[in-house]
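Biologist: I'd like to learn how to read a model like this one, feature by feature. Could you walk me through it?

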Amino acid sequence: MVYPKLSGEEITRRGKKHYENLRTQIETAENIGKIISINVETGDYEIGDDLLITSRRLQAKQSDAPIWAGRIGFNAVYTIGGTLMRTE
């Protein structure tokens, strides 16, 4: 079993920071609504339509990668009984 090197809060903090640094590059018309998974240690990222696929691509490069994921241009990856809100 792999034990996390970083806390959930630290992964979230770093992931959001990486996302903000990449925002102008990734928030393009063709990427809005897609999933981005980011290795918060290296800054490597994958964009696609499926969270598991993007995460596994990163794990293929580093098996114990601490990964943060988001939906490009939105406030959450998924919702249950709610609505995704578009970010500006």
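Predicted model: local features only at pLDDT ≥ 70, side-chain atom pairs only at ≥ 80, totals over all residues.

Biologist: Where does Asn31 lie, and is Asn31 buried or exposed?

Modeller: For secondary structure, helices (H or I, at least four residues) and strands (E, at least two) are DSSP runs, numbered from the N terminus. Asn31 lies in the loop between α1 (8–26) and β1 (35–39). For burial, the cut-offs are under 20% relative accessible area for buried, over 50% for exposed, and partly exposed in between (1.4 Å probe, protein chains only). Asn31 has a relative accessible area of 13%, so Asn31 is buried. Contact means heavy atoms within 4.5 Å, and Asn31 touches Ile26, Ile47 and Ile72 once residues up to four places away in sequence are set aside.

Biologist: How many helices and strands does the protein chain have?

Modeller: Two helices and three strands, and along the sequence they follow the pattern α-β-β-α-β. Of the 88 residues in the protein chain, 33% are buried. Take the contacts between residues at least 6 apart in sequence: 43% of them join residues at least 24 apart.

Biologist: And what does the accessible surface of the protein chain come to?

Modeller: Accessible areas come from the Shrake-Rupley method with a 1.4 Å probe, and for residues only the protein chains shown count as cover. For the protein chain the surface comes to about 5,800 Å², with 52% belonging to carbon and sulfur atoms.

Biologist: Now α2. Why does Ser55 count as buried and Arg56 as exposed?

Modeller: Ser55 is found in helix α2, and Arg56 is in that helix too, which covers residues 51–61. Ser55 counts as buried because its relative accessibility is 14%. Arg56 is exposed because its relative accessible area is 55%. Beyond its neighbours within four places in sequence, Ser55 is in contact with Ser37 and Ile67. You can follow Ile67 in C-alpha separations as well: 7.1 Å from Ser55, 12 residues apart along the chain, and 9.9 Å from Arg56, 11 residues apart.

Biologist: With which side chain does Glu10 make a polar contact?

Modeller: With that of Arg13, at 2.7 Å. Glu10 is found in helix α1. Its C-alpha atom is 9.1 Å from that of Val40, 30 residues apart along the chain.

Biologist: Let's move to the segment after β3, where Thr87 is placed. Which residues is Thr87 in contact with?

Modeller: Arg23, Glu27, Gly73, Phe74 and Asn75, leaving aside neighbours within four places in sequence. Thr87 and Phe74 are 13 residues apart in sequence, and 5.2 Å apart from C-alpha to C-alpha. Thr87 counts as partly exposed, because its relative accessibility is 24%.

Biologist: By class, what does the lining of the largest pocket have?

Modeller: Five nonpolar, three polar and five charged residues. Ala, Val, Leu, Ile, Met, Phe, Trp, Tyr, Cys and Pro count as nonpolar, Asp, Glu, Lys and Arg as charged, and the others, Gly among them, as polar.

Key
Residues numbered from 1 in each chain as written. Heavy atoms only, no water. Polar contact = N/O pair within 3.5 Å; in protein donor to acceptor, adjacent residues only side chain to side chain.
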